[in-house]
Amino acid sequence: MILQNYNPSIMRAFVCVLLLGVSFRTLDARAGEKASGNEQLWYSQPARVWHEALPLGNSRLGAMVYGGTGVEEIQLNEETFWSGGPHNNNSTTALQHLEEVRRLIFDGKEKEAEDLVNREFIKGPHGMKYLTLGSLKMHFGHEAATDYRRELDLQRAVCTTSYDYRQVHFTRTAFTSLADSILVLHIQSSQRGALSFGLRHDSPLLPAQRSASVDDRGRGLLVSRIRGVEHEGIASALTAECRMVVKTDGQVTAAADSLTVHAATYATIYVSAATNFVNYHDVSGDAEARNRSRLEAAMRLSLNQLVKRHTKCYQEQYGRVALRLTAAASALETSQRLAQFYDDGCKDLGLVELMFNYGRYLLISSSQPGTQPSTLQGIWNDKTNEAWDSKYTININTEMNYWPAEVCGLTEAAEPLYDMIRDLSVTGAETARVMYGCRGWVAHHNTDLWRIAGPVDGAFWGMFPNGGAWLSTHLWEHYLFSQDSDFLRKYYPILRGVALFYLDYMVERDGQLLVVPSVSPEHGGRGKNSPICAACTMDNQIVRDALANALQAAVQLKEDRELQDELWNALGKLPPMKVGQYGQLQEWREDIDDPRDEHRHISHLYGLYPSAQITPFLTPDLWQAARVTLQQRGDQATGWSLGWKTCFWARMFDGNHAYKIISNLLRLLPDDSKVRDFPDGRTYPNLFDAHPPFQIDGNFGVTAGIAEMLLQSHDGALNLLPALPDAWTQGCIRGFRARGGYKVDITWLEGKLQTATIYPSRTGILRLRCRCPLDKGVLIKRYEDLGLYEYELQVKRGKEMRLKGM
C-alpha cells in the first residue's frame, strides 16, 4: 500500500502554524541551594576504572576525577587535541564512475555498485582521532582512608572528594570553570601542615616533554608538552601544552618533571591546556600564550571568586529548566541505585530525574560557544585509539547529542554545532563539486576536527550523502524555537546550499526524484547482498525536510523566488512513504523489511522523530505503521538506540512504553570487561551511556526523550503531557521550551494535568492539546481515539496564560 503524504496545501498551512512567533523568559538559578539526591552522583569509594570516574568540563577542557586516596588521578582532554592536520578526503575518481554506479543499482546489481564505490569513491583517509591529554596524578599515600565520599553536584558543576586519614579530614574540590576556561583543584586538610603529596603529569603519547620549577613566590609550575600523532598518512600538525600551577601555604620543591608539596594545610592547583589549533585549515596558534593568559587572569582572583564566577555562569544555563517526579530522596549511592533500579520494578523515579539532569549537565559541560561540538564521547576520552576515533558520526549520533538543546533552553550549547555546520558547508561544497559535480554542499556519515566531508570506512557505512542535510535541520529547528529572523538570515545560505545539492544529485526516474547512490544507515534489506540502494525512506524524509526548510526560509526572508518554485516542484516529485506487507513502515522502496530484524538503526522512523512528517493528525496510517515497526524492532538495543526509541514512543503518545525503554536503558554495566556477565547493561556506574562501549549520545537521547514525553510542539500545537507514564503519577516541569518561542510550566497530580502556564512574547492564536478539558480557550476538536482535547487560545505578548485542568 502506498500513501502519498505530500500535499502543498497542508505544507503551506503547516508553515503558517510553525511561524507563530514568541520567545522565552529565564528562570532564576537556585544559587546556593544544596543539591538534592536527584541532582548529584555520589559514591562511597574511589573509582577503580574510567567508567566510575566523574566528569567535569567547560567544553575546552575535560576532566575525569577518580577520587583516589593513595593516588588521585584526573584524566584530561583538550577539545582540539586530535591526530593529523588539515586535509580533505575527496576522491577525484568518483565523478567519472557515478553514472555507472547508478546504472548498476537500477539494474539490481547492488553488490557490484558497492564494490565500485569502495574502489573509486572511498579512498581515505577515514577521519582523524580525538586524543587523550594524559593524566594529572597526585601521590598522597592515604590508602587506609575512612569515612570516604566523592560526589558530583549537578547544581554547581563541582566535584568533591572527602575522607579521613589518621584523624585528619581531607577535602578536595574540583571544577572546570566555564567563566575562566581552566581546571581548579583545591585540597584542604583539617590539621595544619598535614598535607603532603607529589604531583606529575603522565601521557601515553611519547615523547612528552615535561618540566618542573618553583618561582620566587614559592609557586610550583609543571609544564607538559605532547606531540600529536600521524594517522592514516596525515602528518601531525598539533602540539598540546598542559600547564599547571600550584599555590600552597606549604613548601613546594621541584624535580626534573614533578613537583612535591610538603607540610601544607591547603594547596590549589590551576590547570590550563591548549593546542596550536585555530580552525580546520589554520594551525598557527600559540598554546603556551593561551595557557599563560588564562592562568594569569585566573590567579588574580581568589578561590572564592573563581568558584562564584564558575557557578554563576553554569547555573545561568542549568537553572532554566526543572523536572520533578518525586519528593522522595534515595539514601543509596548512585551505583547502587542503578544496580537495583530494574529489579526493584523501576520505582526510583528520582533516578529518572537524575538522568535528565545529568544529560543537561553533560551538554553544558561539553559544548559551549566558541568551542568544538560534543563528539561521540562528549569531551571525555582516555584512549589514543578510541572506538570510532571518538569523532563525529553524523548519521544519527552527533544529531542526537543536540536533541535536548532547544527544549531544555540550552541554546548556547548548540552554537558549536552551528559553527561546525558552517565549516562543513565550505569543505562540503568542494566535496559536492569534486565527487558529484553538484552545486551546494554535502557531508556523508562522519566528520572530524578537520571537517572532512567525503565518505569514510566503506560503502556499507559511508555512502550516505545525507549527513550534512540532517545537521542542517538543527538550524531550522533553532529558528522554530527562537523565532530569530536574524539567525535565519545568517544561516539561510547553508540551508539553500543543502537544497541545491539535492536538486543536482537526485535522478528523475518514472516521475520521481531519487537519491542515488545511498544507504539506509548501516543496514540492508532482506534478500539483498548489499545495502547500496536508491532512495531509501530516510533519504526521502531528509530530502523532504531539507527542501521544505530551504523553501520556508526563502519565503520568510523573501529570497530566491525562482528557487522557491523549483523547490515546490521537487517536493512534489519525492517518493512517498509506504506501508509494507506486515503493516510496517517500509525502510526501502521495495517491501524487503524483515519483521524479525531488531537492528539498532531505525532510520526510516526519522520522519516520526526528530522530524514531524509522521503524526496521527496528518498521516494516521503512517503513524500506525511506525508503531508496527517499533514493535518489530523490540525494546532492547544499544544505549544510544534506546535513547532514540524513547523519543519514538513519546511521539506515539505511549508513555508506558517509553518508560519501559528508559528502564531498559537504566541497567548497570560495571565496565566493558563485564559485558558477558551483564549483557543487558546499558549504563555505567558514573551514568555514562553504554553502547557499549561508551557513547554519550544515549545520555542526550534519553534526556530529550523524557522532555518529549512531557511536552511536544512539532506539529503546530503545544501538546501537554502527551506521553505520561502511569508510574509518573505526580510531578512538575518548569521552563521547558516549545517551538514558536513559548516557555511552559506544567504540574500534574494522579496522572492528570493540574496547571499549565504558557509564557508568550507575541500576540496571536495558540493551538494546544491535552488529555483533559481546560478552564480557558475554545474547544475546537476532540480526538476520541487518542483521548485528546484541542483548544485555541488568544495569547498576548508579555502576559502569561495560566490554565487549569478540569
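Predicted model: local features only at pLDDT ≥ 70, side-chain atom pairs only at ≥ 80, totals over all residues.

How do the axes of helix H17 and helix H18 cross, and within what distance do they come? Residues are numbered from 1 along each chain as its sequence is written, and side-chain values use heavy atoms, with hydrogens and water left out.

1. The axes of H17 (residues 639–651) and H18 (residues 655–665) come within 8 Å and cross at roughly 165 degrees, so the two helices are roughly antiparallel (angles over 145 degrees count as such). Here helices are DSSP runs of H or I of at least four residues, and strands are E runs of at least two; axes are lines fitted to C-alpha atoms, for helices over the stretch in contact, with angles from 0 to 180 degrees between N-to-C directions. Gly639, Leu642, Lys645, Thr646, Trp649 and Ala650 of H17 make the contact with His657, Ala658, Ile661, Ile662, Asn664 and Leu665 of H18 (contact means heavy atoms within 4.5 Å).

2. Glutamate 72 sits in strand E4 (residues 71–78) and counts as buried at 1% relative accessibility (buried means under 20% relative accessible area, with a 1.4 Å probe and protein chains only). Its side chain has a polar contact of 3.0 Å with the side chain of arginine 172, and reaches the backbone nitrogen of glycine 68 at 3.1 Å. A polar contact is a pair of N or O atoms within 3.5 Å; within protein, one must be able to donate a hydrogen and the other to accept it, and residues adjacent in sequence count only if both atoms are side-chain atoms.

3. Two cis peptide bonds deserve a look: one joins tyrosine 609 and proline 610, with omega about 15 degrees, and another joins histidine 691 and proline 692, with omega about -15 degrees. Proline 610 lies in the loop between H15 (561–571) and H16 (620–633), and proline 692 in the loop between H18 and H19 (697–710).

4. Serine 390, although not a glycine, has a positive phi near 50 degrees, and is buried with a relative accessible area of 0%.

Methods: Buried < 20%, exposed > 50% of the residue type's maximum accessible area, 1.4 Å probe, protein only. Parallel < 35°, antiparallel > 145°, perpendicular 65-115°, else oblique.
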